[in-house]
Amino acid sequence: HTTTMKLWTLAEISGELATAPQISSTPGNNLINLNDKSLCHLPYVFPFTDSSGSPWNAIGTYEGLAAIALAAQHLNAGDGSIVPEVAALANNTCGVKFNVAAFDTALSESIAVDQIIQITDRTNAQAIANGGPADDANVLLRPPCVILGAYRSAVTMPTSLISGLRGFPQISPMSTSPALDDKSQYRYFARTIPNDDDTSVPLIARLNSGSGDDNTGAKDESESWGVNHLAVLYVDDAYGNAFAQGIVLAAKEMAPGMQIETFSLAVNPDDAQIQRVIASMAESQYMYFFAILASSYDEIMTAAYNAGIAGTGKHTWLFSDGVGSEFTGRDFTVGSPLERAYRGTGTLSAQGGMPGMKAYDALVEGLRELGESVEDKEYLNSLLPNQGITNHTDVTDSDSYLMTPGFVAPFLYDAVISAGLSVCNLEMNHNTTDGNFALSGGDHYDAIVASTFEGSSGTIVFNSETGTRNPKSALFTLANFVDDPDASTSDAVQFKSQETDVFEFGAWRSLQPFVFNNGDTIAPPDLPETEVDRNYIPAGLRAVGLTLCGVIIVLSIGFTVWTKKKEKIRIVKAAQPIFLYIIAIGTLLMGCAVIPLSLDPGVVSMEGASIACVSVPWLLACGFSMTFSALFTKTHRILTIMRNAAAFKRVKVTALDVAKPMICLLLANIITLSVWTGIDPRSSKTIVLQTNRFGEATVTESICYSEHQSIFLSVLGVINLGALLVAFVEAYLARNISVELSESAYIMKAISIILLVCLMGIPVIIIAQENTSAFYFVAVAIIFTVCISILCLIFVPKIRASMKPPPAKKKHRSGLGGPDISRTSTQSDTDNSGIKILSSPMAMAELEEENRRLKQMAETMRASKSVRRWSNEVNGLEESRRLSQMSNDSMVESDVATGNERRVTFVGPNSSDIENHTEMDAVDEEGEGGVIEGEENIGGEASHDEINVEEEGVIEEDGNIDEEESHIEMNVVDAEEGVDKEDIEKEEQVDNIVRVV
């Protein structure tokens, strides 16, 4: 040929068909006999217009027609520039030629079915062969060799059913429904694209699992987006239903934990249905959407924007391959709903090759050459259907026409090549006696699915059982719709499609980052951010708790410092500073327990919270045991001294005796806590209280958990509450012992308050343990009450007493108006009831001397049987007392002029042996023992003996009294004897005195 036209063979065949006097087709033969030539007719059944009659080129229908024509040209001419195997057909090696025709389905299933019925009607062709009229309509309705189409699976299914029944193969470049694999219905159907089940694999791999389905262990070079929740919007037809079902099945196999929710939409939905479906999708709260649509994109995305599930920066929309160029090459007003909704969307599709692939680049170049050739463009325009009805120039006159292959062109090119190579192979290998080659639909279909070659869309390999392209031979891409800076202005934005990821050989490979709707390249979460009520301790409540803790710490330290400064004064010495220190330290430890109690994962890490959980029982148990062992020991010591004093027994109360209860109680707590910490330590654990519909936690709580904590808490409770009860009993028994400052009474009050708080507070804590704030408040309140009660009742009375001036020393007058007698001991003005132990210094030597003299006096009195003799012995004792008075200025002698009055002071009478009055008061100071002071009336009106004994000191094992501070004062005053008293009465009085001695 001499023309520069690229499609010259097609032009020649078209000319022959237009002028041929006779066109013949025989039954069982899908080839047309034209002027002694065998012609393979290739009708292209695809939508060129939409339902309104406007040109529709969303997926490259017009470029697809050009690709079919180019493939037919290469088969006729034996041009292997794209597919090398075609070069074997050069020089008319193949006796079959190919021509093309186009039919517009207008996106209508019924129109497509009518067209297929007419195309496959052999009666019309037979009428032409028998001499009937050859009008233009009959020329188009000549029998096909292979039908190319259709676009949607819903159209392909009925059309391929008809074509299969009439014996014609049909190859689709776009229909992906798995239902078309059913050979019992779609006998001669094949496709150059994988089905939806195979397309679902890369979708799920991209969203969730990040791995393919080939079981080869292929690893993605790009990470999955971590999507576990996906909403699928699909058109309610065979294609949409099959694709949605394929996604669900792929998710179950590849990502069992992934949740898929599907929403169906009519093929041509009205606005009301769109609004209802979009509202349902919004209620799902999903953030990722995959749309399987054929039309109504703008209406759907506008409704999605208004519903707040598109264009928000948080939601991501992906579309199936049906979207084509719907979003590209259009101007969108900046800030408009569609501009915001379409930005950052993407499409997942089986790709017909990529730049850099040799065959694909050759196809792109071939289509561009057709677009640059006026003759070729005119020929292609002549093939367009509905001439004069549809204004195709809106597409064919655009600058972008044939500059890019579009989506469908590579698959259509490979479909024609597979049909042509299989026909030529059958024609060249046929063995017939007459030399005529007849092509049956069954033979042709078998040859098609058996063919394999390197096409423009990759390696073409069909499944011989289903006729569907093997997914391993296909190429899937994820394209991203982003701003096209070259075509956008300040007022309008155009989007371009850029491929970001490629799925081949069972794994994704990243080409460039995917830009999401928010402009970021990091995948947004697949669910809205859940507001979790973690039930942490409120900041205000924590501040209150720590403030109370500070009060306890300050008071404990302050009272400790005060005790140290005042430990030499009589009041503190009498209260035994060592016990005061222990009490203050114990309350300090209990108060410090509020600090770890205030720590939760809201302010520290989980590890820090676990450490806090372990420290709380340690601080509480140790502090509690120290405090109450000290209180118990103080009370128990007083009781021990008084019980032995009442029985006239000497007892040694050593530091070890005092420390034993404390050591035992503290050791029991430490052993229990150590075992607990060693085998089952407490740790911070978050438990879920409420979840939402996705199983995500909405209400949680952080607790200190230990598997066996109930056992250990019970043991600690028995130990410490038992100690508290024992201390309460001891305090009750000592309630009437009036020591200085009435300390026993204060101890009793403190223990009573604490026992009451524990009995009421512990059940409240158990009830409130599920409420973090209530639990924290009650626990802090109990700790504060316990600590403050102890500190205030033990220390405050001593501080108040220490601030008063010391009382003046009192002078005691003799019973008969004798001179004042000095009294060295101090005595409270308040005469408290009960036994009283007074403390004053006394020399050890003097005490021993006086005791010896008293013993001598007792022996003399036992030997005497008369009152007069007893009186003489008393006078002798008075003389001895004068000698000792010289070395003890505290011993006072008072003689009345008549010489008939004496005062005697001596150690320890038993109150039960005195007829009239005895008063004893006990004070225990710094591990030191006490003495007893008694007072008795011995005789009648004219006779009065007053007995006062004071001592202070530790009672040692040998029965001696501490020589640091011991003093005895003895004043003897004899009342004037009554002349009328009987001797026997006086003897009874002497016996009483002897018993006292």
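Author: UniProt positions are given here in the numbering used for this chain, and such annotations may be inferred rather than shown by experiment. With that said, an unreviewed UniProt entry places transmembrane regions at residues 543-562, 574-597, 609-632, 653-676, 711-734, 746-768 and 774-796. The model is predicted. Its pLDDT averages 77, and 73% of the residues score at least 70. Residues 811-843 fall below 50. Where pLDDT is low, the predicted coordinates should not be read in detail.

Now the salt bridges. The count comes to ten. Start with D483 and R343. Their side chains meet at 2.6 Å, N to O. D483 sits in strand β15, while R343 is in the loop between α11 and β12, so the pair ties together parts 140 residues apart in sequence. D483 is partly exposed, because its relative accessibility is 31%. R343 is partly exposed too, at 24%. The pair also belongs to a network: E339, R343 and D483 are linked by salt bridges.

Next, E504 and R509. Their side chains form a salt bridge at 2.7 Å, N to O. E504 is partly exposed, with a relative accessible area of 22%. R509 is also partly exposed, at 29%.

Last, E567 and K564. Their closest N and O atoms are 3.5 Å apart. This still counts as a salt bridge, because the cut-off is within 4 Å. K564 is exposed, with a relative accessible area of 52%.

Methods:
Residues numbered from 1 in each chain as written. Predicted model: local features only at pLDDT ≥ 70, side-chain atom pairs only at ≥ 80, totals over all residues. Heavy atoms only, no water. pLDDT = per-residue confidence, 0-100. Contact = heavy atoms within 4.5 Å. Helix = DSSP H or I, 4+ residues; strand = E, 2+ residues; numbered from the N terminus. Buried < 20%, exposed > 50% of the residue type's maximum accessible area, 1.4 Å probe, protein only.
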